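Let's take a look at this structure together. Have the sequence and the 3D view ready.

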Amino acid sequence: MTQITRDSSTGVWSLDADKAGQWICFALDVPREEIGESNCALRSRVAKEQLLIYPGAEPPKTGKRPVGYAVYGIASATVKSVSLKLSDCSRMQVKLNRRPFLWAFVPASKIAEGIVPVAVTTRTNSRAIREPLSTLGPLPRGSCSTGR
């Protein structure tokens, strides 16, 4: 079992992950959320798809915007880099130092402006894969909100 934690101003986020047999399972615990988010995938699916990535958010205290926003998931050994395109057209690199598990946090200043990840680019030895990323909550602000 692997556990990665990160302190935030409202509590501790944790990503709990386990590789058991042919399954890889992981759960994101978000401060002030009663039920965490969890996912499992067959190792063969991870090898085929190379990257499984999901959004996770800490609910707002007041208003409509989350106070914390992360992406989390798993990356196969063939993934060389992962970057996020944000709704303001900026990019964010995702660290892969905890492979196969990964997570990245959107800076609080971006979240305050309603800027969230809208697309993910995965680079392998042979290609780059660009895909839209589902967003949580209200529509993101910025000119890149279509994920393209």
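Below we go through a disulfide and then a strand with its partners.

First, some ground rules: this is a predicted model, where local features need pLDDT of at least 70 and side-chain atom pairs count only at pLDDT 80 or more, while totals for chains, interfaces and linings use all residues. Residues are numbered from 1 along each chain as its sequence is written, and side-chain values use heavy atoms, with hydrogens and water left out.

A disulfide is a covalent bond between the sulfur atoms of two cysteines. Here it's called when a pair of cysteine sulfur atoms lies within 2.5 Å. Searching the whole structure turns up 1 disulfide. It links Cys25 with Cys40, S to S 2.1 Å. Cys25 sits in strand S3 and Cys40 in strand S4, so the pair ties together parts 15 residues apart in sequence. (Strands are DSSP runs of E, at least two residues, numbered from the N terminus.) The torsion about the S-S bond of Cys25 and Cys40 is about 115°, so this disulfide is right-handed.

| Residue | Relative accessibility | Class |
|---|---|---|
| Cys25 | 25% | partly exposed |
| Cys40 | 42% | partly exposed |

Now for strand S6 (residues 68-75): 8 of its 8 residues are buried. Both faces are covered, with Tyr72 among the buried residues on one side and Val71 among those on the other.

Which strands pair with S6? Strands pair if DSSP finds at least two bridges between them. S5 (residues 51-58) pairs with S6 in the antiparallel sense over 8 bridges, and Ala57 stands opposite Tyr69. S9 (residues 101-105) also pairs with S6 in the antiparallel sense, over 5 bridges, and Val71 has Ala104 as its bridge partner there.

Key: Helices (H or I, at least four residues) and strands (E, at least two) are DSSP runs, numbered from the N terminus. Buried means under 20% relative accessible area, exposed over 50%, partly exposed in between (1.4 Å probe, protein chains only).
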